[in-house]
Amino acid sequence: MIIRTAARRRAAATAATVCALAVALTACSGTTKDSAEKDTTNAGTAAKADPNAPLKKGLKLAFLPKQINNPYEKIVDEAGIAAAKEYGATGKEVGPSDASASSQVSYINTLIQQRQDAILIAANDPNAVCGPLKQAMKKGIKVVAYDSDTAKDCRQLFINQASSEEIGRSLVQHLGEQIGYQGKIAILSATQNATNQNTWIEFMKDELKLLKYKNMQLVKVAYGDDADQKSFQQTQGLLQAYPDLKGIISPTTVGIAAAARYLGDSSYKGKVVLNGLGTPNQMRKYVKDGTVEQFSLWNPEELGYLGSYAAAALASGQITGAEGEKFKAGKLGEYTIGKDGEVILGEPTVFNKQNIDKFDF
């Protein structure tokens, strides 16, 4: 027993010496879960795109909208889920019923546990979702933001509806023309933390600094939290506070529909100009009865479709999210990744009496 014990000690000492000498090159212990996650992350960072790689079959994609009952986001997500079937993947939509800053966190954690291949998220807050999204990427799950971006280091791609600057400036330009560049205006936004809304609003404010808008005054930015009743009440509150208001810009589909409903049944119909972002099916009634002259939007079905193919290209190794990489998005054709992983769908469409019946979404 003494001989065996001494031998064991000598063997242990030898092993420790070997381990100490080798530590600069490799770890003596087995691979832990944490180290495996780090290896996956580093491998993802160093990975090279293979544009000729086929889209993998059986991919699992999850769409996480701002809120599950938002009609616009439902159109986006359903189109993305349908697109997944084209390339042999499965998709699903999960999400909160409210659009608060941290409401999406628990869903991300669940999707990580379910080992999804990609998470597509329209962020309610650019930073609140970052912690779990980074954990998802460490585990090899691809993260694609769409509609409303996260912080840049919390995802690989951002699928943008159109140029944020173009959206923000064009809404002010359209309203300015409609009110003759005169009078008080207000903005009815979604939530205070929504990345896309805040980006557009900053460009709106910058546009308003131009000389031609010197007689236009932005008096208030109100928030309806992408809730129909609250947006309706916020519209009412704006007009009570500013009875001489000339125009409202609502860059949210929920907000513009609620504002139109209020204006359409009030004495302000035809007197206060409402512009912003909406869907044709929501706004058709208000365009035809004269409550709203025009509004804008991109095709939300195409946004979901593009996001789905982008996520699949990432998960299949066709792209890594680097600027200049290209990928094919089915019937939409080829897209190129821009700065900071941004992919732009295209230019928004202006809807009015002349063309609104050509669209059904």
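**Inside a predicted fold: questions and answers**

Biologist: Which helices each supply at least two residues of the lining of the largest cavity?
Modeller: This is a predicted model, where local features need pLDDT of at least 70, side-chain atom pairs count only at pLDDT 80 or more, and totals for chains, interfaces and linings use all residues. Residues are numbered from 1 along each chain as its sequence is written, and side-chain values use heavy atoms, leaving out hydrogens and water. A cavity is a set of points on a 1 Å grid over the protein atoms alone where a 1.4 Å probe fits but cannot get out, and lining residues have an atom within 4 Å of a point. The helices (DSSP runs of H or I, at least four residues, numbered from the N terminus) are helix H3 (71-86) and helix H7 (195-207).

Biologist: Which helix gives the largest share of that cavity's lining?
Modeller: The largest cavity is lined by 16 residues, and the closest to its centre are Tyr-72, Gln-197, Pro-251, Thr-252 and Thr-253. The largest share is three residues, and they come from H7.

Biologist: What is the volume of the largest cavity?
Modeller: The count comes to one cavity of 30 Å³ or more. For the volume, take the space filled by probe spheres set on the grid points, which are joined across faces, edges and corners. For the largest cavity that gives about 110 Å³.

Biologist: What percentage of the residues in the protein chain is buried?
Modeller: Let's count up the chain: eleven helices and 14 strands (E runs, at least two residues) make up its secondary structure. Buried means under 20% relative accessible area, exposed over 50% and partly exposed in between, with a 1.4 Å probe and protein chains only. Out of 361 residues, the buried share is 49%.

Biologist: Is the disulfide of Cys-130 and Cys-154 right-handed or left-handed?
Modeller: The structure holds one disulfide (cysteine sulfur atoms within 2.5 Å), and its S to S distance is 1.9 Å. Cys-130 lies in helix H5 (residues 130-138) and Cys-154 in the loop between strand E4 (142-146) and strand E5 (157-160), so the pair ties together parts 24 residues apart in sequence. Both cysteines, Cys-130 and Cys-154, are buried. The torsion about their S-S bond is about 100°, so the disulfide is right-handed.

Biologist: Where is Tyr-181 found?
Modeller: Most residues other than glycine have a negative phi. Tyr-181 has a positive one, near 60°, and at a relative accessible area of 24% this residue is partly exposed. Its place is the loop between helix H6 (164-178) and strand E6 (183-189).

Biologist: What distance separates the C-alpha atoms of Lys-326 and Thr-336?
Modeller: Lys-326 lies in strand E11 (residues 326-328) and is partly exposed, at 44% relative accessible area. Leaving out residues up to four places away in sequence, its contacts (heavy atoms within 4.5 Å) are Ile-319, Glu-334, Tyr-335 and Thr-336. Lys-326 and Thr-336 are ten residues apart along the chain, but their C-alpha atoms are separated by 4.4 Å.

Biologist: How many Å apart in space are Thr-195 and Thr-150?
Modeller: Thr-195 sits in helix H7 and is buried, with a relative accessible area of 16%. Not counting residues up to four places away in sequence, Thr-195 touches Ala-123, Asp-125, Pro-126, Ser-148 and Asp-149. Thr-195 and Thr-150 are 45 residues apart in sequence, and C-alpha to C-alpha the distance is 7.3 Å.

Methods. On a 1 Å grid over the protein atoms alone, a cavity is a set of points where a 1.4 Å probe fits but cannot get out, and a pocket is an open set with protein on both sides within 12 Å along at least five of seven lines; lining residues have an atom within 4 Å of a point.
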